[in-house]
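Welcome! Here is a friendly briefing to read alongside the sequence and the 3D view. Take it one topic at a time.

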Amino acid sequence: MDGEQAQRDDSDMAASSSAKHGADTARAGLYTAVLPLGLLIGLVYCWPAVAVGEVLRLSWPWIPAIDLHLQFRIDGLALLFGLIVSGAGVMVTLYSAGYMAGHPRTGRYFFFLHGFMLSMMGIVTADNLLLLFVFWEGTTVFSYLLIGFDNESSTARDNARQALLVTGAGGLALLIGILLLKTAGGSYTISQWMADDNGIRAHGLYPFILVMVLLGAFTKSAQFPFHFWLPNAMSAPTPISAFLHAATMVKAGIYLLMRFHPLLGGTTAWMCTLVIVGGITAVWSALQAFGPLDMKRVLAFTTTMALGMMTMFLGGRTAPVLTAAATFLLVHALYKAALFLAVGIIDHEAGTRRLDRLGGLGRAMPLTALAVAAAAFSMAGFPLFFGFIGKEIMYKAALAEDMFPLFATVAAVLANALMVAVAAVVLLKPFAGRRPAALPAVHDPPWTMWLGPVALGLPTIVFGIFPEWVSGQLIEQAVWAFHPAREEVVLKLWHGFNIPLLLSAVTLSLGAVIFGLRHPLGRLMTGIEARLPLSAGGTYDTGLQLFLKSAKATTNKLQNGSLHFYLTIVLLVLVAAVAWPWMQRGVLTIAWPDPADHFSALGVVVVIALGTAVVLVAKNRLMAIGGLGAVGAGVALVFLMFGAPDIALTQLLIETLTLIIVSLVLLRLPPLEAAKKRRTYRRVMDGALALGAGWVMTSLLLGVLQHPLDRSLTAFFAGQSYLAAHGRNIVNVILVDFRALDTFGEITVVVLAAWAGVSLIRKTKEPS
Amino acid sequence: MRSVILQTATRLMVGLIMIFAFYLLLRGHHEPGGGFAAALVAGTGFALFAIAEGPAKVRAAVRLRPTLIGMPGLAIAALSGMPAVLAGKPYLTGIWWRLGDAGGGALTIGTPLFFDIGVFLAVLGAILSIILGLEEH
Amino acid sequence: MEGVLALLVGLVFAASIYLMLSGVLVKFVFGFALASNAVNLLIFTAGRLEHDRPPLIPVGAETPVGPTANALPQALILTAIVIGFAMLTFLMVLLYRTYAETDTLDADDPRLMDETPADDDDHGDGSVPQEGGRS
């Protein structure tokens, strides 16, 4: 399958080094189309019920404590989105099997693809906000992996990171919004939003909730000023671009706006923000589409434009306006996915997708040309194509906006006229005209690849001729799902002579003019973009650099490699954190023992203290080891005196072994006499800190001693030791029976420490 | 360090030390002792042996590599928790079997004994590997 | 008696901290050994020293006869002693390796911070000297 097309100007696909394996996994990938196909069939099965207004629900408890349940619902809106996601999923999977043939990492590719698709299905069917958020983050992660799929390209990695940071930050904002919503008395269950007006709009937290939710939606759907990541995300393989950035992922933000509409929508703040942001995004992106030569980038800008239009119409609150958003959603998904897939075909067959290197392909690849033609006419909004229906309802909606109808109408006409010109460029430039000599012989791709664009292009004509069917079966229920007023929703091919029709005519003629002026316009846009003092993408870059720089500076400051610094910080925190609460508790008293009763014990205490002093002042290794031995032996004696023969024995044995090992190592290390002395001021500081820490320990222990001891555990162990565990040595029974799991952990540590120690020794050369 | 007196004494001592370690291990459930103490005694014995005769002799006497003592020790300790699971009780619960007649002379054997043997081997393996490693280097 | 031991714990702990702060890594290990002892004494004392009879059940009895020492802190300390020993051993070996790699045991010596191995012929595992250099 045309693997010999080696020349690629930017490579979506790695060289066919392991072509055999790649072909095999690509065929396996073909079979994975069963997954989206199954979902599609399931949704179609649900369709008749949903079309008459039923809502299908599934629910299992997950973490009831935080009100998180595996709740799913399929209503009109979920059906519309679900059909787009699974339908595009089938096409993209089939298409990918051909497109990715010969690629060494197809297995990973299909895993990411389907992981993304399932997350997307989760978003649109989740009935629980937290669950929706989980899936929302799923799409963020999988889209990151897919955009950076060509992981050897640093551009792809940067772009993937950009998408991750922008949409990830938006996801966090959304989470904050969700939690605030709960605080404000809202419910996590989406189904309940429609039922009653729970007063969120009047709540004091409403502005914050709104800002957070809109941040989530705007970042995901690439709305101004977060629009810059989407064109960069085109470094993903082309079928992924078709799936993520035309049909599904960026629509998640739109879905969110629709879902939240009955809860948060309809206020002045909501309407103003959405109309203005959407309008700016639509026009600005449509203008930018004339700059680049890469067809995928061109399409990316038109996607942003489409998202802007949908956002703008979601700023309304009446049925026609919202219908425009829902209709255009379907219109756009169909033509844009077809166009992306077609660009992939061109890239795959001709080896380039640069507009200036393409031409005259129409005769060589007629099927592709036909599919693109259908999609482009729909995009331009010619009558008898679905895009015309979409445009008519858009103009009707723009005129009916509650906020800024004039702005909305002008923005819609302008953006649509620009779309007409872009559609003409996308259709005419590659397929019409003469073929450049440098272009190799091309032909239509295998069926798995042309099926997608053709199957997506066909409905643009069918729906364009029979809009009543679509509106009755799909759009109406989708709009009613987030528009409780349930006003009538009808799409018609012929509305009679009215203002929208006039605007359509204006759009087409204006589009023709713009098409004529496309070259100067493109140059103008490139110039303007270069001269803008402040661009969103540039701000992102600067911000990222600043962030990395400050992170590095902080790390260098805190992790400066100085043991003394680390210890000092830890100890200061210890002293401050423990000392302060203790000082509030009043005076600690020491009950002095009668020296006569505890004569031997006091003697041992003196031995330990002296041993400690010897270690402290030791001038050489031998003295220090001796001091340590005295302390260890003294501690063992304390254990022995106060009824702990087991640990006394262990302590003494440990002292012996420590002596052996310390001697073995110390003999090979430089003598203590050679060590540098601390300066006096540091000695004083360290001494003060050490005394402080020691005082903390003493006061802690004294504090403990002032409270009665809870002996219930000890009593249990003593009582059960023989009866239940058949042992007379209670300490040993605790170790090997009652608390055996602890002991098991401890011997694991011992073995691991020894293991690590041995591997350290083995690799060591003799010290010089 | 090669000393005839030390070597001769060590040969006598090491056997006794090992017997003592074994004794400590077995009596640990009823009297002071147990797996930890026994392993430390045995480890000290081997350390003495290594100082007197050199680590090669110790390796020859032990035959197994130290890691092959420590790891099975962990495994025995871990496995000693399984009978409880099979009996439907929480992991590492002590399970006891009575051997012999039901009279006063009956011997009870339980999983904690095997656990303690696991502790003994794990700690002994750890000590041996470090001491031999350091001695050889 | 507990009060006296509390003072002793504070004293030993202060000495161990002072040694750890010295910047001489060998003294750091000494400090670590002292700290182990201090903490074990602390746990032991916190469990009270009222009875000097070991927590054993005499033959013929089913529960301890009369008051005995608190068994629970003893069990905790017993494993703590062994773990402390394992850690001390590991620290000693780490010290040994560090000295072999960097030729210094002064915590403030820039050679210790240097994260590249002293020579790179037979040290495939660059991670170990890094860790050694930091502690």
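Let's begin inside chain B, where B:Gly73 sits in helix H4, a helix that covers residues 67-79. Please keep in mind that this is a predicted model.

**A closer look at B:Gly73**

- B:Gly73 has 25 C-beta neighbours inside 10 Å, so B:Gly73 counts as buried.
- Apart from neighbours within four places in sequence, B:Gly73 is in contact with B:Gly118, B:Phe120, B:Leu121, B:Ala122 and B:Gly125.

**Chain B as a whole**

- Chain B contains 6 helices and 2 strands.
- Read from the N terminus, the elements of chain B follow the order α-α-α-α-α-β-β-α.
- Chain B has 137 residues, and 45% of them are buried.
- Among contacts in chain B with a separation of 6 or more, 67% are between residues 24 or more positions apart.

**Annotated spans in chain B**

- An unreviewed UniProt entry gives the annotation "transmembrane region" to residues 12-30, 36-56, 68-92 and 112-134 of chain B.
- For the span 36-56 of chain B, the model shows 95% helix and 0% strand, and the end C-alpha atoms are 25 Å apart.
- For the span 112-134 of chain B, the model shows 100% helix and 0% strand, with the end C-alpha atoms 33 Å apart.

**Where chain B touches chain A**

- This contact involves 39 residues of chain B and 36 residues of chain A.
- On the chain B side, two or more residues come from each of helix H2 (35-53), H4, strand S2 (107-110) and helix H6 (111-136).
- H6(B) provides the largest share of the side of chain B that touches chain A, with 15 residues.
- Sorted by class, the side of chain B that touches chain A has 21 nonpolar, 15 polar and 3 charged residues.

**Where chain C touches chain A**

- Here chain C contributes 82 residues and chain A contributes 93 residues.
- In chain C, helix H1 (2-20), helix H2 (25-46), H3 and helix H5 (127-134) each supply at least two residues to the side that touches chain A.
- The most come from H3(C), which gives 24 residues to the side of chain C that touches chain A.
- By class, the side of chain C that touches chain A holds 57 nonpolar, 15 polar and 10 charged residues.

- Helix H30 of chain A (residues 740-762) packs with helix H3 of chain C (residues 71-102) at an angle of about 15 degrees, and their axes are 9 Å apart.
- Angles under 35 degrees count as roughly parallel, so H30(A) is roughly parallel to H3(C).
- The crossing of H30(A) past H3(C) is left-handed.
- Residues of H30(A) that take part in the meeting with H3(C) include A:Thr743, A:Glu746, A:Val749, A:Ala753, A:Gly757 and A:Ile761.
- On the H3(C) side, the residues that meet H30(A) include C:Thr79, C:Val82, C:Ala86, C:Phe90, C:Leu94 and C:Arg97.
- Divided by class, the contact of H30(A) with H3(C) has 14 nonpolar, 4 polar and 2 charged residues.

Notes:
Residues numbered from 1 in each chain as written. Chains lettered and ligands numbered in written order. Predicted model: local features only at pLDDT ≥ 70, side-chain atom pairs only at ≥ 80, totals over all residues. Axes fitted to C-alpha atoms, helices over the stretch in contact; angles between N-to-C directions. Helix = DSSP H or I, 4+ residues; strand = E, 2+ residues; numbered from the N terminus. Parallel < 35°, antiparallel > 145°, perpendicular 65-115°, else oblique. Left-handed = near helix turned anticlockwise from the far one by under 90°. Contact = placed C-beta atoms within 7 Å. Nonpolar A, V, L, I, M, F, W, Y, C, P; charged D, E, K, R; others polar. Buried ≥ 20, exposed ≤ 12 C-beta atoms within 10 Å, placed from the backbone. UniProt positions renumbered as here; feature names shortened; annotations may be inferred.
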